[in-house]
Amino acid sequence: METGTTLQSNTQTVSELFDQAMVLFNQDKDAEALVLYDRILGIDPNHSRSHSCKGRIYTAAGMHRRAIECCEKAIEMDPNNSEGHYGKGEESKTNPTDIFPKQTFMPKMQEMHSAP
């Protein structure tokens, strides 16, 4: 479904928009890429790769909660989306309390560090 969806207002497909967004992302033009990812998601809310790419942008910007939400959405849309899983894993290493509630995470960490 992701590749064939056509915009109503012009002739660009989601696939073409995604390619343009990736070019911008690879040129470190994250704000411009984010606009295109949002445009894609306005056309096809289930475009999992756009969700995971948004997660990468939010990670780079230090917006960890948003990054996690995007990665989780990507995984929800496509459980095989490796970018979503990778992004969520990276966020959990950097900000584990955003993934696991502090009240459950901290006792586990203390238990792990006090074990012989």
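This is a predicted model: local features need pLDDT of at least 70, side-chain atom pairs count only at pLDDT 80 or more; totals for chains, interfaces and linings use all residues.

Colleague: How far apart are the end C-alpha atoms of helix H2?

Modeller: Helices are DSSP runs (H or I, at least four residues), numbered from the N terminus. H2 covers residues 30-43, which is 14 residues. The expected span is 1.5 Å times one less than the number of residues. That gives 20 Å for H2, and the end C-alpha atoms agree, at 20 Å.

Colleague: Which residues of H2 are buried, and where do they fall around the axis?

Modeller: Buried means under 20% relative accessible area, exposed over 50%, and partly exposed in between (1.4 Å probe, protein chains only). The buried set in H2 is Ala33, Leu34, Leu36, Tyr37, Ile40 and Leu41. Seen down the axis, the buried residues of H2 line one face, because they fall within an arc of 165°. The arc is taken from the directions from the helix axis to the C-beta atoms.

Colleague: Which helices do the buried residues of H2 pack against?

Modeller: The face turned away from the buried side of H2 carries exposed Ala31, Val35 and Gly42. Contact means heavy atoms within 4.5 Å. The buried residues of H2 pack against helix H1 (14-26) and helix H3 (48-60).

Colleague: Which residue meets Lys54 in a salt bridge?

Modeller: A salt bridge is a side-chain nitrogen of Lys or Arg within 4 Å of a carboxyl oxygen of Asp or Glu. The structure holds four. In one of them, N to O is 2.6 Å, and the partner of Lys54 is Asp38. This pair links distant parts of the chain, 16 residues apart: Lys54 in H3 and, in H2, Asp38.

Colleague: Which helices does the salt bridge of Glu72 and Lys88 tie together?

Modeller: The side chains of Glu72 and Lys88 meet at 3.3 Å, N to O. The two residues are 16 apart in sequence, so the pair ties together helix H4 (residues 64-77) and helix H5 (residues 82-94).

Colleague: Is Glu76 buried or exposed?

Modeller: Glu76 forms a salt bridge with Lys73, with the closest N and O atoms 3.9 Å apart. Both lie in H4, three residues apart, about one turn of the helix. Lys73 is partly exposed at 30%. Glu76 has a relative accessible area of 54%, so Glu76 is exposed.

Note on methods
Residues are numbered from 1 along each chain as its sequence is written. Side-chain values use heavy atoms; hydrogens and water are left out.
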